[in-house]
Amino acid sequence: MTVDLPIPVVVTRHQCPFCRITRAKRAAMVAHIGRCWHNPAARGCKTCVHYEPADPDGPYPEHPGWDEGCAQERDLAAGLQTGCPQWQPTA
């Protein structure tokens with residue numbers, strides 16, 4: 001008589017200390033930490049005092065809302081940035 005039971009497997013994952021996502025490979029996590037939006041050392045938009053988050057509510061119901069922005073007039077149309085020379089930490 002055979003019994004088909006699952007076999008437990010131990011897996012090592014690497015977790016970002018800033019945003020808590022995980023990666024299987026250490027090198028991939030090290031690369032992520034360097035550009036993580038929640039890492040102040042990356043000098044990214046989401047940790048900057050000039051960052052203006054998106055607002056889904058517009059001035060009237062048909063308005064699509066407002067996109068993310070930068071108070072220093074940096075163009076974020078291509079996406080958020082890291083390593084910004086105008087970056088200042090949030091309070």
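Tutor: Happy to. Let's begin with the layout: reading from the N terminus, the elements come in the order β-β-α-β-β, which amounts to 1 helix and 4 strands. Please keep in mind that this is a predicted model.

Now to the cysteines. A disulfide is a covalent bond between the sulfur atoms of two cysteines. Searching the whole structure for such pairs gives 0 disulfides. Take C36: the nearest cysteine sulfur belongs to C19 and lies 3.8 Å away. A pair has to be within 2.5 Å to count as a disulfide, so C36 is in none. C36 is also buried, because its relative accessibility is 2% and the cut-off for buried is under 20%.

C45 gives a second case. For C45, the nearest cysteine sulfur is that of C70, at 6.4 Å, and C45 is likewise in no disulfide. With a relative accessible area of 12%, C45 counts as buried too.

R20 sits in the loop that links β1 (14–15) to β2 (22–23). Although R20 is not a glycine, its phi is positive, at about 70 degrees. Its relative accessible area of 54% makes R20 exposed. The other arginine, R43, is found in the loop between α1 (26–35) and β3 (51–52). R43 is not a glycine either, yet it has a positive phi of about 55 degrees. R43 is partly exposed, with a relative accessible area of 32%.

Stepping back, here is the setting for these residues. Of the 91 residues in the protein, 21% are buried, and C36 and C45 are among them. The radius of gyration is 20 Å, whereas a compact globule of 91 residues would have one near 12 Å. Along the principal axes, the C-alpha atoms fill a box of roughly 70 × 35 × 25 Å.

As for the surface, the protein exposes about 7100 Å², and 55% of that comes from carbon and sulfur atoms. The protein carries 9 positive and 9 negative charges, and the mean positions of the two sets are 21 Å apart.

To return to your request: in this predicted model, C36 and C45 are in no disulfide, and both are buried.

Methods: Residues are numbered from 1 along each chain as its sequence is written. This is a predicted model: local features need pLDDT of at least 70, side-chain atom pairs count only at pLDDT 80 or more; totals for chains, interfaces and linings use all residues. Side-chain values use heavy atoms; hydrogens and water are left out. Buried means under 20% relative accessible area, exposed over 50%, partly exposed in between (1.4 Å probe, protein chains only). Helices (H or I, at least four residues) and strands (E, at least two) are DSSP runs, numbered from the N terminus. The radius of gyration is taken over C-alpha atoms; the globule rule is 2.2 Å times the number of residues to the power 0.38. Accessible areas come from the Shrake-Rupley method with a 1.4 Å probe; for residues, only the protein chains shown count as cover. Lys and Arg count as positive and Asp and Glu as negative; His and the chain ends are not counted. The place of a charge is taken as NZ of Lys, CZ of Arg, CG of Asp or CD of Glu.
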